[in-house]
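Please read them with the structure open.

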Amino acid sequence: MSSEFFIPDPEGRVPSAEGYFGAFGGKFIPEALVAAVDEVAVEYDKAKHDPEFARELDDLLVNYTGRPSALTEVPRFAEHAGGARVFLKREDLNHTGSHKINNVLGQALLTRRMGKTRVIAETGAGQHGVATATACALFGLECTIYMGEIDTQRQALNVARMRMLGAEVIAVKSGSRTLKDAINEAFRDWVANVDHTHYLFGTVAGPHPFPAMVRDFHRVIGVEARRQLLERAGRLPDAAIACVGGGSNAIGLFHAFIPDSSVRLVGCEPAGHGVETGEHAATLTAGEPGILHGSRSYVLQDEEGQITEPYSISAGLDYPGIGPEHSYLKDSGRGEYRAVTDDAAMQALRLLSRTEGIIPAIESAHALAGALEVGRELGEDGLIIVNLSGRGDKDMDTAARYFGLYDTDAAVAADADGDAAEIEGDAK
Amino acid sequence: MSGKIQLLSDTLAAARAEGRSALIAYLPAGFPTVDGGIAAIKAVFEGGADVVEVGLPHSDPVLDGPVIQTADDIALRGGVKIADVMRTVREAYEATGKPVLVMTYWNPIDRYGVERFTAELAEAGGAGCILPDLPVQESALWREHAEKHGLATVFVVAPSSRDARLAEITEAGSGFVYAASLMGVTGTRESVGAQAQDLVRRTKATTDLPVCVGLGVSNAAQAAEVAGFADGVIVGSAFVKRMLDAPDDAAGLDAVRTLAGELAKGVRGTA
């Protein structure tokens, strides 16, 4: 394969032909979707071996997305991370503002190859929805995005972006009214419209082949980061760190480092108000194996297999499931997963903003908080790569309310004084 | 005690011997309450249903439309447990002597334990299970335990199923085959698609199992139409909707009994 930016897994040890990563994965879907999901698998397999597909996708990734994405060292932020060197993989600089576009462009090309004219997708923070709406505008495809009603409120800016791009956005009012319920509703749509509709799934979960295919489209993140880091720092990192909701940006960063056994792969899950409070979405920390949205993986559920309602301040991580390959990495010991609270993530968001002039998405801020912890564990000799999966523009309303940044908040002035002291204090 | 797969087969064969289709009703356990749900099942049997599918409510019913989602929500908020589903099956079977199946998603059973679930369902007098998100390729463990306990494994086939796949599915299934009349989730429809008849024909070419049609059927005229080409007619959302629309529980029971009576005439061509 001569392509530079579409770099599917060259080894193909997992998943198995049936879509299993060890004990996880598979294809738990209604009969009505079997033919369509099989078609995706066949078409992706053909595309993967077609130089024309790679050429087209490469062209888009370079000239539309702006790959390769930058690698930025953040020394002022790193002072708070025990003095370890910290580099950010800048997926926030991609067109549309997150890593999601990597997968979306690949699947949009696939949609066209399958002769389908309509695309549906779920979205949590709206990043995948915006990327999907963008690709549909580019390819002239009809587009419907399902988004939990709570998320449409906390990510209102992204709702407006999707509508500006011509997509229909449907606010889902069932269940917990977040990402999980948006996926349920997208599946219902797909079952009814599968003859002309592709479900452009946004993460490395779902039935086979989605976990492997979406991973392949994001693999470029880690391949680039590994090469850039070897050039810039002269060695492999001690840790590669990413946030995990469904797990797409994390698997994208991790995958190229899996054979490098000295590199710790650290996934940061949303602990919400704290894992002990029950108000969290830390699936690998607190879940049990089960089936959700088409595959076996760790799931937040009760003892009778009912899915429990997750919580995170981050709409993009507010999900009770996780991609099966992460469950496999956890159980095999190759990946390590830790939980990061809302508060720790928000502090990291502000810290990066004020030390480096980069406002991260709240999702990515969970990884930054994890990097502060891991950096302190590693000390001055440490070298860390963090996937900065998205930019924070969409989160400014949530952040402004959290920190009291609006003029109408009486606390603004006093709080701003306190902030400076806290950040200085942290460094000591 | 062994499960009632034979009772299910005998019931469907008896309907066929009468020259008619069987009427199969779906109602979720725990809706509006556990006892209210049991009463509703008895009412549809009184009205003329031959078989009942008891829904085990799930938090994420991806194959159900708004009506059954609403009922599932009510049942789950009421705290329905798998033990309540087993009690529902037991009381419905013991009161009527008729076949009672469970319909649910795979995760509750996976989590509860396949052996424990199948043993308890058989002991309660259940006849089998319909598991619409457990495709045949993932079903070996389930089938091993279901067979051991005398329970039917009813697979769903869809208009999109290709002929070779139909053969694979019907080979693995038992009791009957659930043919989805259209591509979509549960819920009443104005008309039952022409796809249904074609699917029944293609399915019957692969098996001697009875083929019953579900999704979208809500009234006697539709039941009569489907009865013209299928061995059974499955009705769910229409029953649930009658209960949701009723002013009180007693009126809800009357409404489902009446609907079952109308549908029973429909499947006999006497509506």
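How many residues of chain A are in contact with chain B, and how many of chain B with chain A?

1. The interface. 26 residues of chain A are in contact with 31 residues of chain B; contact means C-beta atoms, placed from the backbone, within 7 Å. On the side of chain A that touches chain B, helix 1 (31–48), helix 8 (179–193) and strand 11 (288–292) each supply at least two residues. Helix 8 of chain A gives the most, with six residues. That side of chain A divides into 13 nonpolar, eight polar and five charged residues. Here Ala, Val, Leu, Ile, Met, Phe, Trp, Tyr, Cys and Pro count as nonpolar, Asp, Glu, Lys and Arg as charged, and the others, Gly among them, as polar.

2. Basis. This is a predicted model, where local features need pLDDT of at least 70, side-chain atom pairs count only at pLDDT 80 or more, and totals for chains, interfaces and linings use all residues. Residues are numbered from 1 along each chain as its sequence is written, and chains are lettered from A in the order in which they are written.

3. Chain A overall. Chain A has 17 helices and 14 strands. These are DSSP runs, numbered from the N terminus: helices are H or I, at least four residues, and strands E, at least two. The radius of gyration of chain A, taken over C-alpha atoms, is 20 Å; the globule rule gives 22 Å for 428 residues, so chain A is as compact as a globular protein of that length. The rule is 2.2 Å times the number of residues to the power 0.38. The C-alpha trace of chain A spans about 60 × 50 × 45 Å along its principal axes.

4. Burial and contact range. In chain A, 61% of the 428 residues are buried, with 20 or more other C-beta atoms within 10 Å of their own. Of the contacts in chain A between residues at least 6 apart in sequence, 75% join residues at least 24 apart.

5. A helix pair in chain A. Helix 5 (residues 127–139) and helix 7 (residues 156–164) of chain A pack at about 10°, axes 9 Å apart. Axes are fitted to C-alpha atoms over the stretch in contact, and angles run from 0 to 180 degrees between N-to-C directions. The two helices of chain A are therefore roughly parallel (under 35 degrees). A:G129, A:V130 and A:A133 of helix 5 meet A:N158, A:R161 and A:M162 of helix 7 in this contact.

Key. Parallel < 35°, antiparallel > 145°, perpendicular 65-115°, else oblique. Contact = placed C-beta atoms within 7 Å. Buried ≥ 20, exposed ≤ 12 C-beta atoms within 10 Å, placed from the backbone.
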